[in-house]
Amino acid sequence: MEPLEQRTIAKVSARLIPFLILCYFVAYLDRVNVGFAALTMNRDLGLSASTYGFGAGIFFLAYFLFEVPSNLFLERVGARKWIARIMVSWGLISGATAFITGETSFYVVRVLLGIAEAGFFPGIIFFLTLWFPAVYRARIIGYFMAAIPLSTVIGAPLSGLLLGLNGFMGMKGWQWLFILEAAPALMLSVVVFFYLTDRPADARWLEPDERTWLVDRLQEEQANRERLRRYSVGQALMNRKVLALSFVYFGAVATNYGLSFFLPQIVKAFGVSNFQTGLITALPYVVGVISIVWWGRHSDRMAERRFHLALPLFVASAGIASSTALDDPTMKMVALSIAGFGIFGCLPVFWTFPTAFLSGAAAAGGIALINSIGNLAGFAGPFAVGRISDLTGSYTGGLLLLSAFGFMATIVVLAIDHDRSLERVPGASPAA
């Protein structure tokens with residue numbers, strides 16, 4: 001890299017990525033901490049596995065309906081204001097989960113949480129396209145999305161400890177879990193409003209030559225894409241490649257959420273304590289932290305996308321499927337940890353696909369559509385696993401279904417045409 005490019009990318013990365021990781025860490029923890037609350041909440045409220053799975057997943061139905069409008073609104077008003085609004089609303093609603101009393105209130109609060117959080121993740125993905133040239137995106141998205149497995153690596157043992165507050169001040173441990181884990185979102189929302197900068201042209205914390213280089217490079221990339229085809233929002237939403245990527249993401253998300261919402265209960269059945277459950281549950285996510293960062297960097301360095309997406313999807317499917325054939329707890333966790341490599345390794349590479357041919361409002365809409373359709377698996381996966389568990393008394397059938405979703409996504413990836421040249425501009429230096 002030229003010194004100017006190296007200096008600019010380093011400064012932008014240091015300014016944005018650690019803070020965005022922290023924000024997404026809090027967001028993801030508030031989304032999936034219900035999986036740990038379920039260890040005692042389901043019994044206290046009389047929720048069956050089917051009821052719990054439906055409630056855990058209904059979040060994503062509301063998320064689906066509001067995702068595209070939310071992201072288009074972010075593109076119009078700017079990330080700083082809109083992401084701060086999202087964090088305030090989801091923090092309040094996540095904390096309110098502590099006061100549910102049964103099936104109906106559980107469903108209501110999960111729907112409201114889905115509405116509140118809609119647009120956060122695709123908004124950040126779109127935001128990153130405004131700041132980083134395409135050749136850096138797999139690694140940058142990998143750094144950002146490391147918050148997903150990190151939220152479990154750190155949050156699982158923490159959630160196990162918070163369940164130990166049972167009886168403190170007359171409340172259940174799962175109530176304290178929701179209240180205490182919602183507080184950081186409210187505090188960070190204020191920081192977001194004053195800290196984020198919407199676009200590079202407004203970045204007074206960059207030197208003039210750095211700002212000029214970054215704006216020019218991103219404009220060149222956008223022009224390169226639009227020379228081939230400039231999509232309107234409507235064209236992006238109906239594009240066959242966007243719809244195919246939506247299916248691929250559905251498979252990726254199914255393996256993720258279907259497992260994360262039930263893994264604590266699978267581990268608890270080994271006969272361990274709540275705290276030990278948290279520690280053991282974190283193991284596949286430790287592997288995930290490594291894979292989501294390393295595999296994204298490897299994809300950038302090799303300048304290759306399709307294989308780097310298909311392989312981890314296959315590994316995720318194979319790991320989940322093989323875990324169902326293993327009764328020994330140690331071997332089962334080894335298989336699920338291997339699956340963790342694939343579940344998380346595919347994510348940063350996946351998001352280089354839509355950003356390679358979409359830009360502007362079309363990118364905001366297309367990314368949101370892919371994320372919203374894909375996250376319907378966040379409803380289908382947990383509900384299917386819970387329902388099959390109720391019918392069979394085992395998680396085996398549900399886990400095999402998740403594996404099948406991932407395998408089908410692998411096949412679609414291999415069929416997708418991906419023009420890697422759209423991610424580069426003539427004369428641009430490769431990422432180191």
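**Reading helix packing and rings in a predicted model**

Me: Which angle do α3 and helix α19 (residues 360-374) make as they pack, and how far apart are their axes?

Reply: In this predicted model, local features need pLDDT of at least 70 and side-chain atom pairs count only at pLDDT 80 or more, while totals for chains, interfaces and linings use all residues. Residues are numbered from 1 along each chain as its sequence is written, and side-chain values use heavy atoms, with hydrogens and water left out. Helices are DSSP runs (H or I, at least four residues) numbered from the N terminus, and axes are lines fitted to C-alpha atoms over the stretch in contact, with angles from 0 to 180 degrees between N-to-C directions. Here α3 and α19 pack at about 160 degrees, with axes 8 Å apart, which means that α3 is roughly antiparallel to α19, a word used for angles over 145 degrees.

Me: What is the handedness of the crossing where α3 passes α19?

Reply: A crossing is right-handed if the near helix is turned clockwise from the far one by less than a right angle, and left-handed if anticlockwise; α3 passes α19 in a right-handed crossing. Contact means heavy atoms within 4.5 Å, and among the residues that make it are Tyr-63, Glu-67 and Asn-71 of α3 and Ala-364, Gly-365 and Ala-368 of α19.

Me: Where do the residues of α3 meet α6?

Reply: Tyr-63, Glu-67, Asn-71, Leu-74 and Glu-75 in α3 meet Phe-121, Pro-122, Gly-123 and Phe-126 in α6. The axes of α3 (residues 49-77) and α6 (residues 120-129) come within 8 Å and cross at roughly 35 degrees, and this crossing is right-handed as well.

Me: How do α16 and α21 pack, and what is the handedness of their crossing?

Reply: Helix α16 (residues 306-323) and helix α21 (residues 396-415) pack at about 160 degrees, with their axes 8 Å apart, so α16 is roughly antiparallel to α21. Their crossing is left-handed.

Me: How many aromatic pairs does the count come to?

Reply: Rings of Phe, Tyr and Trp (its six-membered ring) pair if their centres lie within 6.5 Å, and the count comes to 25 aromatic pairs. One aromatic cluster is formed by Tyr-24, Trp-90, Phe-120, Phe-121, Phe-144, Tyr-249, Phe-350 and Trp-351.

Me: Which ring does the charged end of Arg-85 sit over?

Reply: A charge sits over a ring if NZ of Lys or CZ of Arg is within 6 Å of the ring centre and within 35 degrees of the ring normal. Arg-85 has its charged end over the ring of Trp-82, 4.3 Å from the centre, and Arg-80 lies over the face of Phe-193, at 4.6 Å from the ring centre.

Note on methods: Helices (H or I, at least four residues) and strands (E, at least two) are DSSP runs, numbered from the N terminus. Angles under 35 degrees count as roughly parallel, over 145 as roughly antiparallel, 65 to 115 as roughly perpendicular and the rest as oblique. Rings of Phe, Tyr and Trp (its six-membered ring) pair if their centres lie within 6.5 Å; planes under 30 degrees apart count as stacked, over 60 as edge-to-face and the rest as tilted.
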